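Here is a short report for a reader meeting this structure for the first time. Look over the sequence and the model, then read on.

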Amino acid sequence: MAIVEVKVPQLSESVAEATLLQWKKKPGEAVAMDEILIEIETDKVVLEVPAPAAGVLSQLLVEDGGSVVSDQPIAQIDTEATAGAAAPAPAAEASAAAPATAPVAAATAAGGSKAGVAMPAAAKLMADHKVAPGAVTGTGKDGRITKGDVLGAVAAGSSAPKAAPQVAAPVSTPALPQVAAPLSMKLGDRPEQRVPMSRLRARVAERLLQSQSSNAILTTFNEVNMAPVMAMRKKFQEKFEKEHGVKLGFMSFFVKAAVAALKKYPVLNASVDGTDIVYHGYFDIGIAVGSPRGLVVPILRDADQMSFADIEKKIAEFGQKAKDGKLSLDELSGGTFSISNGGVFGSMLSTPIINPPQSAILGVHATKDRAVVEDGQVVVRPINYLAMSYDHRIIDGREAVLGLVTMKEALEDPARLLFDI
C-alpha cells in the first residue's frame, strides 16, 4: 500500500486558519490526479485542493467544516488500492478509539492541546441546541470542536429514530449561505433559519468594524456631469471593442480620474502606520466586487501605467473570477486606494467605508438625468454623485475636497486624462 497525503495549500502570512467546505469524494472512491477534492475557505478567498496523485481516497483526516492550517494533512490517497474496497474509518471516528487518543492525552499533559475546547461559533450553536460538550467529538486543530462537529451532533440527535436504529446522514457546513435542515426553527407560520457566517463574511464584518473604530471617517460629496464621458464612450466604443476585444465601460474613466487626483494630492494615496504616514510611490487601486461568497476587493497593480483597455480587461477578469471563486490571495492583497461602484445596483448616494489600511475610498453611484442650472438656465444633464470617504487623521478637508474636484474636472473634460493635465 502506497499512501500519499493530501495537504492544505500554503496560505499567506496574514491567514492563520482556513475552513474545509465539503468533500467532493468519499473514502473508497477513485480519484484522478489533479481532480479537485475539496475547497478551503480563508478570510479572503476560496482555494481548491487537487489530488496530488491518482488512486483511491482511503481516509479523511479532517471532516467538512474543520479548521486547518498551512500544509496540514487532511486526507490520504492509496495509489495502489482499487475503488470500492473497504475504507478505513474516518479520522473523526477513529479518534474515539483508545489508541488514537493517546497523543491527545499526552499533549494535554504537556499543556499544549485544546482538545474538547469549542470554537466561539461552535460554542454558540451548542448553547442554542443545548448540546453538552462531552457529546461532541472535536475534529478541528488539536481536537477543538468546530461548527461542523456541532451540526453533525445535532443532526445525529434529531434524526435518530425512536423505534428502529438508523445511521444519521452526515451534515456538512455549507459553502454558500444555504440553509441546513437542523438549523430550521419550527415556529408555525413564522419560521426562522440560523446559518453560520462564512469565514469570508466574518472577516469582512471584522474589517468594517475595525475601519469604523480606528479611522476618523469623514465623507465629502460632489456632482459630476457625465455627458462628456458618455459622448466619448459612444463615439469610440465600437472601434475600442473591435481593437481590444473588450467593451469600453465607465470604470476605466473613474480609475484614471482617481489616479490623477492621487498624483496631485499624494496624501489620498497614503496610509497610517502607528504614528507614521506612509506615502506610497505607486498606485494600486482596489475595485470592490460583489461575489456569491461576499464582498471582495481585487487590486489593479500600477494603475497609473495601465491603458483604458488594460483596466477594462482586468476588471472583466476580476468580475468573472469573483463569480467563480477563483481570485487568488495575491490579487486581493495590498491596495493604496479603493473604488466602490454601487451605481451598478442603482444606488444614488452612499458613504463608503474605508478599506484599511488605506486612507480613502471613492464611491460611484448611478448616473441619472437631473435638472441642473448652467449659465442661469435650467437644463437636463446626466449626473453622477461622487462620494469620497477619508481618514481625517491624516487627510484634511482641503485635500479631500480638492481631490474630489480633480476627479470631477477630469470626468467632465476626459480629454485631460489623455494628456495627464
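**Helix α10**

The model is predicted. Start with helix α10, which covers residues 397-412. Its 16 residues should span 22 Å at 1.5 Å a residue. The end C-alpha atoms are 22 Å apart, so expectation and model agree.

What does Gly-403 touch, beyond its neighbours within four places in sequence? Its contacts are Ala-261, Tyr-265 and Leu-268. Gly-403 also lies 8.3 Å from Ala-258, C-alpha to C-alpha, although 145 residues separate the two in sequence.

**Helix α5**

Helix α5 runs through residues 199-214. Its 16 residues should span 22 Å at 1.5 Å each, and the end C-alpha atoms are 22 Å apart, which agrees. Which residues of α5 are buried? They are Leu-200, Val-204 and Ser-211. Seen down the axis of α5, these buried residues fall within an arc of 40 degrees, so they line one face of the helix. Residues three or four places apart in an α-helix point the same way, because there are 3.6 residues a turn. On the other side of α5, Leu-209 and Ser-213 are exposed. The buried residues pack against three strands: β4 (36-41), β11 (217-225) and β16 (294-296).

**An open sheet**

Strand β4 also takes part in an open sheet of four strands. The order is β5-β4-β2-β7, with antiparallel pairing. β5 (46-50) and β7 (67-68) are the edge strands, each pairing on one side only. Strand β2 spans residues 18-20 and is joined to β7 by two bridges. Thr-19 has Ser-67 of β7 as its bridge partner.

**Two more residues**

Ser-271 sits in strand β12, residues 271-273. Its relative accessibility is 8%, so Ser-271 is buried. The side chains of Ser-271 and His-280 are joined by a polar contact of 3.0 Å. Other contacts of Ser-271 include Asp-276, Pro-357 and Ile-394.

Gly-152 is found in helix α4, residues 147-159. Gly-152 is partly exposed, at a relative accessible area of 25%. Its C-alpha atom is 9.7 Å from that of Thr-137, which is 15 residues away along the chain.

**Salt bridges**

How many salt bridges are there? The count comes to 11. Three of them are set out here.

| Pair | N to O distance |
|---|---|
| Glu-374 and Arg-381 | 3.1 Å |
| Arg-398 and Glu-399 | 3.5 Å |
| Lys-408 and Glu-412 | 3.0 Å |

Glu-374 is partly exposed, with a relative accessible area of 29%. Arg-381 is partly exposed too, at 25%. In the next pair, Arg-398 is exposed at 55% relative accessibility, whereas Glu-399 is buried at 19%. Lys-408 and Glu-412 both belong to α10, four residues apart, about one turn of the helix. Glu-412 is partly exposed, with a relative accessible area of 28%. Elsewhere, salt bridges with shared partners join Lys-314, Glu-317, Lys-321 and Glu-331 into one network.

Definitions and conventions: Residues numbered from 1 in each chain as written. Predicted model: local features only at pLDDT ≥ 70, side-chain atom pairs only at ≥ 80, totals over all residues. Heavy atoms only, no water. Expected span 1.5 Å × (residues − 1). Pairing = 2+ DSSP bridges. Buried < 20%, exposed > 50% of the residue type's maximum accessible area, 1.4 Å probe, protein only. Arc of directions from axis to C-beta. Contact = heavy atoms within 4.5 Å. Polar contact = N/O pair within 3.5 Å; in protein donor to acceptor, adjacent residues only side chain to side chain. Salt bridge = Lys/Arg side-chain N within 4 Å of Asp/Glu carboxyl O.
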